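Hi,

Here is the structure I promised to pass on. Have a look at it first, and then read on for what I found.

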Amino acid sequence: MIGLFLGLLILALLLFWLGQRQQRSAGLPEGRILYSDMDVGSKPERPFYDPELGLTGKPDYLVQSGQDLLPVEVKSSDAPSEPYQSHIMQLMAYCYLVARSTGRRPPYGILRYRNRSFAIDYSAAREEQLLAQIAEMRRLERSGKAMRSHEEPRRCARCGYARHCPQKL
Ligand code: SF4
């Protein structure tokens, strides 16, 4: 009986260790993955929504690390030498949404490229920058002068606003 108990204990420890190792090799911080956009067949979770800013979005992962909830945005490309500003702002928007929706401000978020991950601090300065960019976007929207910033039909094909966007390629 004791042998069976020890065997199960060792098996449980081995599975735990393998899970941790898999998570580390995926470039994610240690912690529990709460949901994943990539789970084939899993029910999609609701996006976060902030009515005050009219902002909505859903990170690829949400990881619990201690008391913190950390958004993770996954990019399929190789990592640049430093993360693109647009990717940082997207991640900061998720941090903002997590903070507004849960009352728990993430100290940072994770940008995960194919070969490398970056932890990006959700600082007061970055939050200010995010809010300023959103205010500028809203101003451009109202003025009707918002212009497409690229010539890539593939980006439009994947875009959640494509159905309503007058500048779709
Ligand atoms: S559909 Fe419109 S908003 Fe979306 S990527 Fe294309 S131009 Fe940009």
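A quick definition before the strands come up: two strands are said to pair if DSSP finds at least two bridges between them. Please also keep in mind that this is a predicted model.

First, the overall picture. The protein chain has four helices and seven strands, and their order along the sequence is α-β-β-β-β-β-α-β-β-α-α. There are 169 residues in the protein chain, and 15% of them count as buried. If you take contacts between residues at least 6 apart in sequence, 58% of them join residues at least 24 apart.

I'd start with β5, which covers residues 68-74. Five of its seven residues are buried, so β5 is largely enclosed by the rest of the structure. On one count, β5 pairs with strand β4 (residues 61-65) in the antiparallel sense, over five bridges. Within that pairing, Q64 has L69 of β5 as its bridge partner. The two strands make a hairpin with two residues between them, and G66 in the turn has a positive phi of about 65°.

β5 also pairs with strand β6 (residues 108-112), here in the parallel sense and over three bridges. Together, β5, α2 and β6 make up a right-handed β-α-β unit.

That brings us to α2, residues 85-102. This helix has 18 residues and reaches 25 Å from its first C-alpha to its last, close to the 26 Å expected at 1.5 Å a residue. Which residues of α2 are buried? They are L91, M92, A93, Y94, C95, Y96, L97 and V98. The cover over these buried residues includes β2 (48-50), β3 (55-57), β5, β6, β7 (117-121) and α3.

A79 has 16 other C-beta atoms within 10 Å, and it is partly exposed. The cut-offs explain that label: buried needs 20 or more such atoms and exposed means 12 or fewer, so a count in between is partly exposed. Leaving out residues up to four places away in sequence, A79 touches Y113, N115 and R116. A79 and F118 are 39 residues apart in sequence, and their C-alpha atoms are 9.1 Å apart in space.

Next, helix α3, residues 124-143. Is α3 mostly enclosed or in the open? Of its 20 residues the number buried is one, so α3 lies largely in the open. Its length works out too: at 1.5 Å a residue the helix should span 28 Å, and its end C-alpha atoms are 29 Å apart, which agrees. G144 follows α3 and has a positive phi, near 75°.

Finally, the ligand. The residues surrounding it are R148, R155, C156, C159, Y161, A162, C165, Q167 and K168. By type, this shell divides into five nonpolar, one polar and three charged residues.

Cheers

How values were computed
Residues numbered from 1 in each chain as written. Predicted model: local features only at pLDDT ≥ 70, side-chain atom pairs only at ≥ 80, totals over all residues. Contact = placed C-beta atoms within 7 Å. Near = placed C-beta within 6 Å. Nonpolar A, V, L, I, M, F, W, Y, C, P; charged D, E, K, R; others polar. Expected span 1.5 Å × (residues − 1). Right-handed = clockwise from strand over helix to strand, strands pointing away.
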